[in-house]
Each structure stands twice: as C-alpha cells, then as structure tokens.
Amino acid sequence: MKNSIQNIKAIRLQLHNQGCGSAMLVQARHCVRLALDFGDLTITAEVEARLEELGFTPETLIDAIGEHKSDCEGNPSIYCGTYGKYNGEEGIRGLWIDLTTFEDYDDFENFCKAIHADEEDPELMFQDYEAFPRKWYDESCFGQCCFEAVRDYWDLCEKFSPDAVDAFIDWGSEDLEHFEDCYVGEYDSEEDFAREIVNDCYDLEKQMGNLANYFDYEAFARDLFMWDYYCDNGYVFRVI
C-alpha cells in the first residue's frame, strides 16, 4: 500500500510541475490502481468523487485501512463485502474490519462504502463475524443498534471477564445496560456464594451456637438461586 501512495503522489507532482489543472489530474488518475489488502481499486473520476463524499482521498483511505483492518485475534470484527461482488465475477471480496476502532456508526458505514467505492451504490454484505454474540450479527443489515450493542459489549469485556459478560447475555433476562447492576462475581459453586452471604449477613455461631455446624448451606443456596440469583458457569447475577 505504501507503493500505491507513492505512485499517486508521483502523478500529482508530475502534473503539478507540468502546470496541469485538477481536471487533468482526475483524467490521468484512471490508470492508477490502489493495491489494497483485498484487491486493487482503480481510481477513476467517479471513484474519487465517491471517496470525497465519504470524507476520503485515495491516500487517506489507505491509511484508514491500516487503522481499521482486523487481525481477527480477539477484537469484535466483521467481514464487509458487497452483494454486487458476491453475485458477480469477484465473489467474496472484502475486508475484515475491527469494530473497536470506530467512535461512531457513521464513520464505520462510510469506511465500508469507501473500500467499495468502485461500485456506484454498494449494497453492503456482512459475510462473517468474529468475537461478539450472534444476536447482533446481520448479513444484510448490521445497523447502528447492532454496532452500538457490540461496542457496549466490548467495553464491558474490557472491564470484566468476557466469559461473565457472555454468561449474562446467555441468561437473557436483562438488557446489557444492566450488567453492572446484576453482576455479583465469580464463585466456585452456588453453595460457595451462599456461604459468603451467610458470613456477611449473619453471625450463626452467636445466634445458633454449636447448631451453626448443622446449617444447610446447600438448601440455602437452592432457595437463593430459585428466585433472587442466577448462576452460569460460576458467574453469579442478581435478579433486579
């Protein structure tokens, strides 16, 4: 991609030295191909105009690809192609995109359209996804709500255990925004959690004396998780 930038800059400099205007620059650029990570993008007047509408130049698009492409090593990512390419001769041709590298949905959408600026009106096709729950993936309509849900999911995964966040989502009784209100912690077992509750809230030895040794923690845990708490793989959540 570095060579592509150098080629474009070389053409700009050559035409500038020859005193050529911007119209001739656009005309000359039809022969420039950007060697991108997923194939060549031929720079025509139409392509350059589409990129400009989306807030890019060929040079900044190359930089943006370097910033946003995903290595698929843990960050929530999505593969963006188009239906036009998929149904045409090019087949699957697109880019793995790291969703955590965008501040808002509009920037993400504009980038997706920019990498497919060789199409007049690209119909985006999100052909695969990585490292976020299936419920927010949609092949044809990965919209703002899904994008923001994935970003919120990632923010929680960075703050807490990703397994805990996934367990909460699998539970499905509360919206993701209530995770921090519901999450209690990780325990070896439901009985282990019940013992903590008893130790924190009661002084059994003072109240029961030697009978405290006969307290049924297993039964107490069973009652707790019948109505007030939920446990998945050691992660405990309170019902709110």
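## A three-stranded sheet

In this predicted model, 3 strands form an open sheet in the order β4-β3-β5. The pairing is antiparallel. β4 (95–98) and β5 (124–130) are the edge strands, and each pairs on one side only. On average, neighbouring strands of this sheet are turned by 30° against each other, direction ignored.

Strand β3 covers residues 77–82. β3 and β4 pair in the antiparallel sense over 4 bridges. Here I78 stands opposite I97 of β4.

## Helix α6 across the sheet

Helix α6 spans residues 105–115. It lies across β3, β4 and β5. Relative to β4, helix α6 runs at about 160°.

Helix α7 takes in residues 144–159.

Several residues of α7 are buried: C146, F147, A149, V150, R151, Y153, W154, L156 and C157. These buried residues pack against three helices: α6, α8 (162–171) and α9 (179–182).

## The nonpolar cores

The largest nonpolar core has 51 residues. Within it, I97, F108, F111 and F142 touch the most other members. α7 gives the most to this core, with 8 residues. Apart from it lies another core, of 10 residues, with Y187, A194, Y229 and V236 among them. In soluble globular proteins, nonpolar side chains tend to be buried together.

Leaving out residues up to four places away in sequence, F142 touches I78, L99, Y105, F108, F126, F132, W136, F147 and V150. I78 is the residue that stands opposite I97 in β4. F147 and V150 are among the buried residues of α7.

## I197 in helix α10

I197 sits in helix α10, residues 190–201. Is I197 buried or exposed? It is buried, because its relative accessible area is 18%, under the 20% cut-off.

Which residues does I197 touch, not counting those up to four places away in sequence? They are Y202, F220, L224 and Y229. L224 is 27 residues from I197 in sequence, yet their C-alpha atoms are 9.8 Å apart in space.

Methods. Residues are numbered from 1 along each chain as its sequence is written. This is a predicted model: local features need pLDDT of at least 70, side-chain atom pairs count only at pLDDT 80 or more; totals for chains, interfaces and linings use all residues. Side-chain values use heavy atoms; hydrogens and water are left out. Two strands pair if DSSP finds at least two bridges between them. Helices (H or I, at least four residues) and strands (E, at least two) are DSSP runs, numbered from the N terminus. Axes are lines fitted to C-alpha atoms, for helices over the stretch in contact, and angles run from 0 to 180 degrees between N-to-C directions. Contact means heavy atoms within 4.5 Å. The expected span of a helix is 1.5 Å times one less than its number of residues. Buried means under 20% relative accessible area, exposed over 50%, partly exposed in between (1.4 Å probe, protein chains only). A nonpolar core is a set of buried Ala, Val, Leu, Ile, Met, Phe, Trp, Tyr and Cys residues joined through side-chain atoms within 4.5 Å.
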